[in-house]
Amino acid sequence: MLDHAKVMKALQEQSNKLFAPIDDELDLVRIIWHALVKDPDLRTKIKNATTHLLVPGWQEQIDKAYPIDVQTEPYRVIGIDGSQIYPDRHQNASCALINIGVVELEYGQSSRAHVATQPSVLTDNSHELSFTEDLVNARRQEFELQAATDLASFGISIDRGGRTLILFDGSLIFWHLQSYDEAMKTFFIDAYNKLLMKLYGQGIWAAWYISLPKSKELVNLVRLALCDYNTDSCEAFNKVDHIVDSHIASFFLPPMSRSIVFEHRSPVIDWYEPLLRPHFFYLNGEDEIGRIELPSWIANDQQAVQSIAQIVLDQIKKGFGYPVSLAEAHEQAVVKGPDRDFFYHILTRCGMNHGRSFSISQKSAKKRRMNV
């Protein structure tokens, strides 16, 4: 049983780390940022810098803000999200469940909503790779992309008029693959690229929305300036450890506006087809500054970027701070406690129908009897 008094004490002891004051850091970053913005040689300095820090690429004035008009044209947004039940080592039947939720919202003269889900069962015999939680996570992202390329299976056609955007929760950047072994990494890089190229071939806009982003690509520009563009022999960049890009974006992005499009430049871009390489911009939706990531074929189309920003902002307004299509897709996808119990109940019945007993470890059985 959780001891509330001890938890409260432990949190209070760590509160200085959890809620460190950042006013001094913000003041320092603001001064340096405004100096960087005015520096005509900034790109040259960045190009010649000695650093391991990840910095973005850009083409326009770095602090330019694009106002976003109120959405008036008809549009359609398709939110996609996934959830899972991981394989349980305490069960003798090793399997997992991935549930994909899809929500179609159409706005205009014929406004409508359509929701659908697609559960998939994975077993340790259904894949050549090791059957782990990492595998399930990677497959979930694959299934989310697969859902986008196969909307017809969810009862959604893609040939109607008007603007259509597929919106995913999370990042387009394959960060999770960095820790995988080479076989798994190669398999999923190939799978993701094929699915993303299908979206490109269909001409469907797709964007990835990150709420409360923790990225520091703009912050790293300030860090470089603090170290005179050589972080290999300088630790002054630690002065701004608590600052993230959304803090910097707040210096120049008023509500209802977006930043320019930045190019992501970490080594993982080599895993992508050139048309798919990640780009991003920041959007001030008033309640928070979110990050929107796009493949390069969309990012290089200024009109498409502006339209996507307009759609996402409208979704944020309708969702009271978070895109309503993603919130609804999450509700469709999430596997709750009763759903989990149902899954294991059906798994037990399937085992009985095949003359096999469904057994669980004594540890798991004890937990269930204790309602843990």
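**Notes on a disulfide and a helix pair**

1. With -70° about the S-S bond, the C227 to C234 link is left-handed. The sulfur atoms of C227 and C234 lie 2.2 Å apart and form a disulfide (a pair of cysteine sulfur atoms within 2.5 Å). Searching the whole structure turns up one disulfide.

2. A word on the basis: this is a predicted model, in which local features need pLDDT of at least 70, side-chain atom pairs count only at pLDDT 80 or more, and totals for chains, interfaces and linings use all residues. Residues are numbered from 1 along each chain as its sequence is written, and side-chain values use heavy atoms, with hydrogens and water left out.

3. Are the cysteines C227 and C234 buried or exposed? C227 is buried, at a relative accessible area of 6%, and C234 also counts as buried, at 17% (buried means under 20% relative accessible area, exposed over 50%, partly exposed in between, with a 1.4 Å probe and protein chains only). C95 has 7% relative accessibility, so C95 counts as buried too.

4. Now to the helices (DSSP runs of H or I, at least four residues, numbered from the N terminus). Helix α4, residues 133–149, packs with helix α5, residues 182–202, at about 15°, and their axes are 9 Å apart. That angle makes α4 roughly parallel to α5 (angles under 35 degrees, taken between N-to-C directions of lines fitted to C-alpha atoms over the stretch in contact).

5. Residues of α4 including L135, L145 and T149 meet residues of α5, among them M184, F188 and Q202 (contact means heavy atoms within 4.5 Å).

Notes
Axes fitted to C-alpha atoms, helices over the stretch in contact; angles between N-to-C directions. Helix = DSSP H or I, 4+ residues; strand = E, 2+ residues; numbered from the N terminus. Parallel < 35°, antiparallel > 145°, perpendicular 65-115°, else oblique.
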